Amino acid sequence: MSRYPRRAGRLALRAGSLAAALGLWQLLTTLDVNLWLRFAQFPTVTDVARTFADRLSGPDYWTDLTDSLTRIVSGFLLAAVLGVATGVLVARSRLAEDLLGPVIEVVRPVPAIAMVPVAILLFPSNEQGIVFITFTAAFFPVLVSTRHAVRALTPVWEEAVRTMGGGRWRILRSVVLPGALPGIFGGLSVGIGVSWICVISAEMISGQYGVGYRTWQDYTIVNYPGVFVGMVTIGLLGWLTSTSVELVGRRLTRWLPRTSYVPGARPRPARARAATTATVSAEAEEARDEHLV
């Protein structure tokens, strides 16, 4: 039996880890530690908490929060739809790969934040430009993950559907999309994180409202507790959105077999593994015999 703590114990361990990190931060800043790293100018945890409470009671914080979430959701959903569609198309069609592949591979290495001048020139408003940058940041991780996931599918599944009279759309609906879902959601998880990085950077450069804009404004007026409030807000928003994507992915792929691996658990002895394998083999052989009968 595993000695690793159960769910309640793991939650307590995580809370303790976070509390220890905050305690260390408070200690280093209170004592004005200046060794190689300079903590004298850092705000303390209590300063950040006090500023956070003040922001929560004002309307600007919630306006910034709403604007940033609107931008990230708009750009990410657009990237999810177009990224999955383009990835499937490129993976399934040689013509699409020849037409779109070179353009994709040339544009993909360009950082999304480097698209800020392009967005300023291309779109009539900053809001549309920030959504475009968010879309660009998430589009390529989703596209690449979808393309690899579709190409990794075994041809036997498609041949089975064709044998049963299924057409191209039936194969897409019954084989390609369900089989590629784990890879697709892997790309979506990466994409949502990159989107937050780029939307905050875009708000700092050309935004008028948003968490990134407010964080940069606090930095320009040397309000360091406000800067840390922005950083904490960004971290919480990124965690909530990425967790939401993972939960949706688990829900849609609940038919997949789940691993029984537990961190810290001792591996089963070779005899136990051999006995389990023998039992499974015997059951499979018995089922096959019954099917033949």
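Apart from its neighbours within four places in sequence, S68 is in contact (heavy atoms within 4.5 Å) with W196, E203, G210 and V211. The structure is a predicted model, in which local features need pLDDT of at least 70 and side-chain atom pairs count only at pLDDT 80 or more, while totals for chains, interfaces and linings use all residues. Residues are numbered from 1 along each chain as its sequence is written, and side-chain values use heavy atoms, with hydrogens and water left out. S68 is found in helix α3 (residues 59-92), helices being DSSP runs of H or I of at least four residues, numbered from the N terminus. At 0% relative accessibility S68 counts as buried (under 20% relative accessible area, with exposed over 50% and partly exposed in between, for a 1.4 Å probe and protein chains only).

The axes of helix α8 (residues 168-206) and helix α9 (residues 211-220), as lines fitted to C-alpha atoms over the stretch in contact, with angles from 0 to 180 degrees between N-to-C directions, come within 7 Å and cross at roughly 55°. The contact is made by I200, E203 and M204 of α8 together with V211, G212, Y213, T215 and W216 of α9.

Among the aromatic pairs (ring centres within 6.5 Å; planes under 30 degrees apart stacked, over 60 edge-to-face, the rest tilted; the six-membered ring is used for Trp), which number nine, F42 and F228 are edge-to-face, at 5.2 Å centre to centre and 65° between the planes. F42 lies in the loop between α1 (7-30) and α2 (45-56) and F228 in helix α10 (residues 224-252), so this pair ties together parts 186 residues apart in sequence.

Notes
Helices (H or I, at least four residues) and strands (E, at least two) are DSSP runs, numbered from the N terminus.
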